[in-house]
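Me: Hi! I'm new to this one, so please walk me through it.

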Amino acid sequence: MNIDETSRSPTAFARLKREHVVVVVIFAAVLLSLMFSSTYYVGLVAVAGVNSIVVLGLAFLLATGQLSLGHAAFLGLGAYASSLMTLKLGVPPLVAIPLATALCAVIGWFLGVLTLGMRGHYLPLATLAYGMAISACFVAEIDLTGGASGLTGIPSLGLWGVSMEARGMATLIWAVVVLVFFAYRRIYRSRVGRVARALKSNSTMASAFGADVARVKTQVFVLSAALGGLAGSLYAYYMQFLSPSSFSLGASVNLLIMTVLGGVAHPLGALLGVMFFNLLELTGQHVIANVLGLPGQVESMVLGAVLIVALLKWPDGLLTWAGITSSYDVAHDVPVATVRDTVREPATLSAKGVTKRFGGLTALCEVDVNVPAHTITGLIGPNGAGKSTLFNVMTGVFPASSGGVTVSGQPLPNKLRKVISCGIARTFQHVQLVQELDVLQNVLIGGYSRGKSGLLAAAIGADRHEEAGMVAEALAALRRVGLLEIANTRISDLPLGSQRLVEIARALMARPSILLLDEPAAGLRSPEKQRLSQLLQSLRDDDGMTVLIVEHDMELVMGCADYLFVLNYGSVLAEGMPHEVQQNSDVIHAYLGAEA
Ligand code: ADP
Ligand code: MG
């Protein structure tokens, strides 16, 4: 792969600066409070730090479409586990903190494996259930935890034999917040982070590009549980006293409110949510109790009302208010790769006797379709003929009811995520782009199966080299489909035609030998269609790709396809060279209508 030195225009730069400003403001405010404010405020800042650590994990979880209503339980587990290790077993705090974090990770893994297969409302209900069950244990185990009256006598954290006072401990907590935040910011934009965030609405697409959905979901859950445990153990050594009410359902709900309030499209949302929530609570207390002299209940009502208004005004969280999007900060200065990447082995794809039934409906009946190597094969037919269903069977999205699919003579793997490693990449008739990611990050998902870096590598920045290569290639793929200029645009700002081109760029990122395109020209204008036709021919001739295309635009199909299959009512009605098919009377009758 060569790198060409065309630098990108600094479109991401303006947005980037805003993010930096917010980070600096938040951390500077915290630092000033830690240095100059009274012990009372230092306490608030310390608790805000603890919450920030949990909320960062919770936000990632929510960004992957998983809702946890019991996350304070992990906070409590971390707090009680570390304190009890110190109190009963004499484990020094600095050892107990990582042990308690690891314990929460293990428990999180166990609960994750048990619950993540659940769909719809069942997952949040399960998280609610274990949240309540775990916090009930803190009350019930009186001998161990001190029950409802709490656990006392927890020592403060000591460094080099000197025990830390409140201000030092709060500073330590915020040092951890800074570390977690920056590690997390890297994870968010990493190979696994992007795919994790795709799972909320596009898990089929993520699998089709090689992601093990269950594994990625479990990883994110474990990470968030571990962060809960870490935060809890820091909290314990700061407070030196634990009350089970700090880890109740109410605490879980507050954490969730902070998460939603901040927004999950960017890691900064977590910090914004925690800050805003705490400031609101503090102001409410001051104004309502001290200035107006009203009872505490009024404060809760006002707080609730303000939160509702804030969420109505900024449904995607305070990130929208701060103008922060999840733009990709490396894009503006990364050179575009000139990829004439792999020399492809000739690859064929064939369906033999494929039948697909959906309940009583037979969408495909004994279909034989052969896509020879280095050709563009067209698949046409009226709406509802079964073209997309055949696509889904040929790419492993659905298993065939009977019959089989082979890739270069080998059977198609039975797991969707393994199909990409046979060199098959596709686009979707109903565009499957991740709305929360910009164009470039969507295209990068296509390279998932070729990458190796996991969450840990991303957290410490060890994926930098791999990412830089991928970004350069993704930009090249975008240039190839004519969209280089909009690499940092949000998906929702693109017309449907361009979204389809982004899907093609994403498929190219996988460096496939076989490319399947489901109605790629729908929504394109005439010059764009010509470009698409040229692109397909270049992929066949220059890259040696095998292409299967479903398309309604006859001019495009007739112009570039080498061979055509016509589907009608789930069966192959005709096949042949484009000009033969064009003159086939059955096809004219079934497809083009009687008047043609
Ligand atoms: P085409 O892409 O040629 O327009 P499709 O393959 O989408 O047609 O659909 C073929 C038939 O299969 C239609 O009758 C459609 O309603 C049905 N079908 C497609 N997918 C499903 C599904 N997931 N469940 C049930 N029926 C389906
Ligand atoms: Mg279709």
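Reply: Let's start with a term: a residue is buried under 20% relative accessible area, exposed over 50%, and partly exposed in between, with a 1.4 Å probe and protein chains only. This is a predicted model, where local features need pLDDT of at least 70, side-chain atom pairs count only at pLDDT 80 or more, and totals for chains, interfaces and linings use all residues. Residues are numbered from 1 along each chain as its sequence is written, chains are lettered from A and ligands numbered from 1 in the order in which they are written, and side-chain values use heavy atoms, with hydrogens and water left out.

Me: Thanks! Is S408 buried, partly exposed or exposed?

Reply: S408 has 40% relative accessibility, so it counts as partly exposed. S408 sits in the loop between strand 8 (402-407) and strand 9 (410-411). Helices (H or I, at least four residues) and strands (E, at least two) are DSSP runs, numbered from the N terminus.

Me: What is phi of S408 near?

Reply: Phi of S408 is near 45 degrees, which is a positive value in a residue other than glycine. E366 also has a positive phi, near 50 degrees. E366 belongs to strand 6 (residues 361-371). With a relative accessible area of 54%, E366 is exposed.

Me: Zooming out, how many helices and strands does the protein chain have?

Reply: The protein chain has 24 helices and 14 strands. Its C-alpha trace spans about 90 × 50 × 50 Å along the principal axes. Of its 596 residues, 55% count as buried.

Me: Which domains is the protein chain divided into?

Reply: There are domain 1 (23-248) and domain 2 (349-590), with bounds that come from an automatic or database domain assignment. Their centres, taken over C-alpha atoms, are separated by 42 Å. The contact between them takes 23 residues from domain 1 and 34 residues from domain 2. Contact here means heavy atoms within 4.5 Å.

Me: And what share of the contacts comes from residues 24 or more positions apart?

Reply: Counting contacts in the protein chain with a separation of 6 or more, that share is 78%.

Me: Now the inside. How many residues are in the largest nonpolar core?

Reply: The largest nonpolar core has 163 residues, and those with the most contacts inside it are W174, L242, L268, V443, L532 and L536. Helix 2 (residues 39-63) gives the most to this core, with 15 residues. At least three residues come from each of domain 1 (23-248) and domain 2 (349-590). By definition, such a core is a set of buried Ala, Val, Leu, Ile, Met, Phe, Trp, Tyr and Cys residues joined through side-chain atoms within 4.5 Å.

Me: What is L532 in contact with?

Reply: Leaving aside neighbours within four places in sequence, L532 is in contact with L501, I504, P520, A521, L524 and L556.

Me: On to the ligands. How many residues surround ligand 1?

Reply: Ligand 1 is surrounded by 13 residues, the closest being G384, G386, K387, S388 and T389. To be near a molecule, a residue needs one of its heavy atoms within 4 Å of it.

Me: Which atom of G384 is 2.8 Å from an oxygen atom of ligand 1?

Reply: That is a polar backbone atom of G384. For K387, a polar side-chain atom lies 2.8 Å from an oxygen atom of ligand 1. T389 also has a polar side-chain atom there, 2.5 Å from an oxygen atom of ligand 1.

Me: What coordinates the magnesium ion?

Reply: The magnesium ion (ligand 2) is coordinated by S388 (OG) and Q429 (OE1), at 2.0 to 2.1 Å. The two residues come from distant parts of the chain, 41 residues apart: S388 is in helix 15 (residues 387-394), and Q429 is in the loop between strand 10 (424-426) and helix 17 (439-445). Donors are N, O and S atoms within 2.8 Å of the metal (3.2 Å for Na, K and Ca), and water is not among the atoms, so sites may look incomplete.

Me: Is Q429 buried, partly exposed or exposed?

Reply: Q429 is partly exposed, with a relative accessible area of 23%.

Me: One last stop: where does L199 lie?

Reply: L199 lies in the loop between helix 8 (191-198) and helix 9 (203-208). L199 is buried, at 6% relative accessibility. Not counting residues up to four places away in sequence, L199 touches T64, A206, V213, V216 and K217.

Methods
A polar contact is a pair of N or O atoms within 3.5 Å; within protein, one must be able to donate a hydrogen and the other to accept it, and residues adjacent in sequence count only if both atoms are side-chain atoms.
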